[in-house]
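Open your viewer and get ready to click along. Each stop below tells you what to select and what you will find there.

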Amino acid sequence: MAKRIGIENSLAVAEAVKLARAEVIAAYPITPQTHIVEELSQIVANGELEAEFIPVESEHSAMSAAIGASAAGARVYTATASQGLALMHEILFIASSLRLPIVMTVANRSLSGPISIWNDHSDVMAERDMGWIQVFGENGQEVFDLTIMAFRIAEDKRVLLPVAVNMDGFILTHMIESIEIEEQEKIDKFLPPYKPVLRLDPAHPISMGPVGVPEIYAEAKKQQEVALLESKAVIKEVFKEWAEQFGRAYNLIETNGPEQAEVVFITMGSLGETVMSALDLINVQGDKARQVRIRLWRPFPEEELLAALEGAKKVIVIDRAVSFGTSYGPVAGEIRSMLYKLKEQPEVYNFICGLGGRDVTRQEFKQMYELAEQGQYKDKYLIWGVREND
Amino acid sequence: MTREINFEKITAKNIPTESLISCGHRGCQGCGEVLAMGMVMKAAGPNTIVANATGCMEIITSPFPQTAWKTPWIHVAFENAAAVASGIEAALKILKKKGQIKDKPNVIAFAGDGGTADIGLQALSGALERGHNFLYVCLDNEAYMNTGIQRSSSTPFGASTTTSPPGKKSKGQCTWKKNVAMIAAAHDIPYVATASPAYHLDLMNKVRKALAVEGPAYIQIYSPCPTGWKSKPEQSIEIARLAVQTGVFPLFEVEYGKFKLTQKTKELKPVEQYLKLQKRFRHLQEEDIAYIQDKVKANFEKLQKLCEL
Ligand SMILES: Cc1ncc(C[n+]2csc(CCOP(=O)(O)OP(=O)(O)O)c2C)c(N)n1
Ligand SMILES: [Mg+2]
């Protein structure tokens, strides 16, 4: 039987990695990821998981070792955040181009400077073109579930791509929640042992990571792009199977609120739950606003988003990172470019908020709604909550 | 206390003949690096997985859809060969433990001097310190050759490179060569050695020893580069031999902490004989050569003392 327990979300992630029977874990500590890898090293030390824990000397080496281990045929996990993810930058792109099914938790944290350990999405946004499948969890249960599903998706022979599971630093990583921890036996059925298509094997020598001359580089990139786009169908399949097996349903995007509401919030990550509660305040006066929560960030679920935004007059996009020197935050930029395909385009309001761990309350979301209703900041972005002259 | 390393010795009679790096690669004439790498692979044999850093060797052996590699090979980036090898080794270890593979192949990381002494030093140190059972081979051609002969911290004093050019205010490389073999030895790993393709049996037996020990091993191989050193391709081996005989690149090994000189020549030849075959040193004045001579001699004596311990 699955057991429901009160557990810190980071420990639940470690539990998920254990249940997934990861074979090599290469990690370097960084707040707020530390609890995950500390717990995993304890699990391995206790002999509860048959795995090699490589306490690497940097995140650059964490991702490099992850690549080596995955290429040698092991199921591989790592976790990082912020500066650590940035230090991995170079190698992240190689992991996806080598088509290695590595799973990584990103405990989202702001980037220096100024140095800040608190939550926003500037780390992952700087890596959004890394060619990985990227999903966001909104609470501990989601992150637990997504972590196990991530291995299944990554290792599917139609996909063979690394997956990053994003969870908001502190707000999720350090929260104690009530989580349904699934049984090993059921997880084993859902996620059979990893059988690599190709691996570094002296009986069948292959060369991995050769020089890409101009005659083949574009083809290699095209293949990678096609694989990422086509992973969407597999992700849906895996979500469906998970729902059947474990009773918790996931979609590429989640929607809630009154269908006829013409104002739509778009969020990614844990602020989705704050907006959910803000809708209760906003909708006291009628069916004013609804909400779309992006779960799958890459590949971008354009079709699903366009369908969900049908009938919307105003779209309020919540960003958690600044895309310096452009006209929107990273999520809003993509939403707007997507909306260009519609004949009747809703207005876009972009609030970049919660930078460096600044709290955003449901009251504040209500204010954003009111600004949008008044048409203020139409087709513009605002860095929310900046204190002036105090 | 000395511990014996048990290994299958290579002699002129039983020298492995199977080339694991095929001919037709794109190396320059007289390339000492690919020659040495081929020797390492012959000694290691086909049951070997290679992690190769970015650099000349990766470039000349792997232009897709061709490959010169007959053993499994992976290239990831420039500075991380040791980390990639760590991951491979860890994976093999657990896969064997779980019964998913029968035996554990050798794991060898190859990197140039730049990929070792400079940008890859941290990853190397980490992998050595963690005790992975693998061999790291630094193919030392004393500069960043792949990108056009820029200096590295392994470039010898006085050498002209494209970023340590001699000029009115410069004698070329103004620093002494970093001694990465000693840095590796400071990690207290089971086996460290220097080697030279001019002494192929010595080189291959060092590889055998390195693979025989349990834990990390490091071998630094002197690798003449006619293109970068402005030397004659047909003189690569002669230059490599002189580097040893003059004490510029002494051959030694460190077995479980015990230093041992592995070259016959103890009476050093003058460094000038070595320097004059390479145009990278042609701008040097008599006093520069004297300076190099003194320092080479002093370093050699220091090494001899270490070997007496
Ligand atoms: C992070 C990074 N910086 C710089 C480079 C460019 N680069 C590629 S190979 C190389 C030099 C390699 O020198 P070395 O390691 O000595 O190997 P060699 O080519 O001499 O065999 C450089 C600087 C790179 N590929 N990656
Ligand atoms: Mg070099």
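This is a predicted model: local features need pLDDT of at least 70, side-chain atom pairs count only at pLDDT 80 or more; totals for chains, interfaces and linings use all residues.

Residues are numbered from 1 along each chain as its sequence is written, chains are lettered from A and ligands numbered from 1 in the order in which they are written, and side-chain values use heavy atoms, with hydrogens and water left out.

**Stop 1: the magnesium ion**

Select ligand 2, a magnesium ion, together with Asp113(B), Asn141(B) and Ala143(B). These are its protein donors, through OD, OD1 and O respectively, at 2.0 to 2.1 Å. Donors here are N, O and S atoms within 2.8 Å of the metal (3.2 Å for Na, K and Ca); water is not among the atoms, so sites may look incomplete. Along the chain the donors follow the spacing D-x27-N-x1-A. Is Asn141(B) buried or exposed? Asn141(B) is buried, at 4% relative accessibility, and Ala143(B) is buried with a relative accessible area of 4%. (Buried is under 20% relative accessible area, exposed over 50%, partly exposed in between, using a 1.4 Å probe and protein chains only.)

**Stop 2: where chain B meets chain A**

Now show both chains. In contact (heavy atoms within 4.5 Å) are 41 residues of chain B and 39 of chain A. Between them the chains bury about 3,000 Å², 65% of it on carbon and sulfur atoms; this is the accessible area (1.4 Å probe) that two parts lose on being put together, summed over both. On the chain B side, pick Phe64(B), Ile94(B) and Arg130(B), which lose the most area to chain A, together 17% of what that side buries.

Next, select Glu52(A) and Lys93(B): their side chains form a salt bridge at 3.8 Å, N to O. The term means a side-chain nitrogen of Lys or Arg within 4 Å of a carboxyl oxygen of Asp or Glu, and the rule finds 3 across this interface.

**Stop 3: a loop in chain A**

Finally, go to Glu138(A), in the loop between strand 6 (133-136) and helix 6 (140-155) of chain A. (Helices, H or I of at least four residues, and strands, E of at least two, are DSSP runs numbered from the N terminus.) Glu138(A) is buried, at 4% relative accessibility. Not counting residues up to four places away in sequence, Glu138(A) touches several others, including Leu172(A), Met276(A) and Arg293(A).
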